[in-house]
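Reader: I am new to reading protein models. Could you take me through this one, feature by feature?

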Amino acid sequence: MSTDKPITVEVVCATADRQRLHRLTLPAGSTVIQAVLQSGILQTMPEVDFDPSRLGIFSRRVAPNDTLQDGDRVEIYRPLTLDPKDARRRRAG
């Protein structure tokens with residue numbers, strides 16, 4: 001019998017038009033991908049092109065199988081719409 005306390009995490013996702021935040025309680029030892037899937041956020045935002053390699057915790061990239069800590073905020077990143085180098089060239093030019 002495990003004595004590990006459950007953890008509470010947030011899963012967030014944003015598009016250009018809207019943002020969603022889901023708070024959930026998970027068993028200790030849960031992974032980033034488990035939080036994303038159990039949050040249901042992908043079902044509420046079907047327009048998001050989900051890629052498990054674009055995940056983070058507090059702006060730091062993480063792997064889908066990384067273990068979560070209590071209080072973590074899992075972020076689902078969207079693809080860049082404009083290359084940062086192109087954006088700088090446009091501003092400079």
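Reader: Which residues of the largest nonpolar core touch the most other members?

Author: First the idea. A nonpolar core is a set of buried Ala, Val, Leu, Ile, Met, Phe, Trp, Tyr and Cys residues joined through side-chain atoms within 4.5 Å. Buried means under 20% relative accessible area, exposed means over 50%, and partly exposed is in between (1.4 Å probe, protein chains only). Now the case. The largest core has 19 residues, and Val11, Leu68 and Ile76 touch the most other members.

Reader: Which elements each supply at least two residues of this core?

Author: Strand 1 (7-14), strand 2 (19-26), helix 1 (32-39), helix 2 (41-44), strand 3 and strand 5 (73-76) each do. The largest share, four residues, comes from strand 1. Helices (H or I, at least four residues) and strands (E, at least two) are DSSP runs, numbered from the N terminus.

Reader: Where do these coordinates and numbers come from?

Author: This is a predicted model, where local features need pLDDT of at least 70, side-chain atom pairs count only at pLDDT 80 or more, and totals for chains, interfaces and linings use all residues. Residues are numbered from 1 along each chain as its sequence is written, and side-chain values use heavy atoms, with hydrogens and water left out.

Reader: How many helices and strands are in the protein chain?

Author: The chain has three helices and five strands. Read from the N terminus, their order is β-β-α-α-β-β-β-α.

Reader: How does the radius of gyration of the protein chain read against a compact globule?

Author: The radius is taken over C-alpha atoms, and the globule rule is 2.2 Å times the number of residues to the power 0.38. For 93 residues, a compact globule would be near 12 Å, but this chain has 16 Å. The C-alpha atoms fill roughly 65 × 25 × 20 Å along the principal axes.

Reader: What share of the residues is buried?

Author: Buried residues make up 34% of the 93 in the chain. Surface is a separate total. Accessible areas come from the Shrake-Rupley method with a 1.4 Å probe, and for residues only the protein chains shown count as cover. The accessible surface here is about 6400 Å², and 49% of this area belongs to carbon and sulfur atoms.

Reader: Now contacts. Which residues does Leu68 touch, leaving aside its neighbours within four places in sequence?

Author: Contact means heavy atoms within 4.5 Å. With those neighbours left out, Leu68 is in contact with Ile7, Val9, Leu26, Ser30, Thr31, Val32, Ala35, Ile57 and Val74. Here is a count for the whole chain. Take contacts between residues at least 6 apart in sequence: 48% join residues at least 24 apart.

Reader: Thr31 is on that list. Where is Thr31 found?

Author: Thr31 is in the loop between strand 2 and helix 1. Thr31 counts as buried because its relative accessibility is 13%. Beyond four places in sequence, Thr31 is in contact with Pro64, Asn65, Asp66, Thr67 and Leu68.

Reader: Arg73 is among the contacts of Gly56. Where does Arg73 lie?

Author: Arg73 lies in strand 5. Arg73 is partly exposed because its relative accessible area is 26%. The C-alpha atoms of Arg73 and Val9 are separated by 5.8 Å, although the two are 64 residues apart along the chain.

Reader: Last one. What is phi of Phe58?

Author: Phi of Phe58 is near 50°, a positive value in a residue other than glycine. Phe58 sits in the loop between strand 3 and strand 4 (60-62). Ser59, in the loop between strand 3 and strand 4, has a positive phi of about 70° although it is not a glycine. Phe58 is partly exposed at 45% relative accessibility, whereas Ser59 is exposed at 61%.
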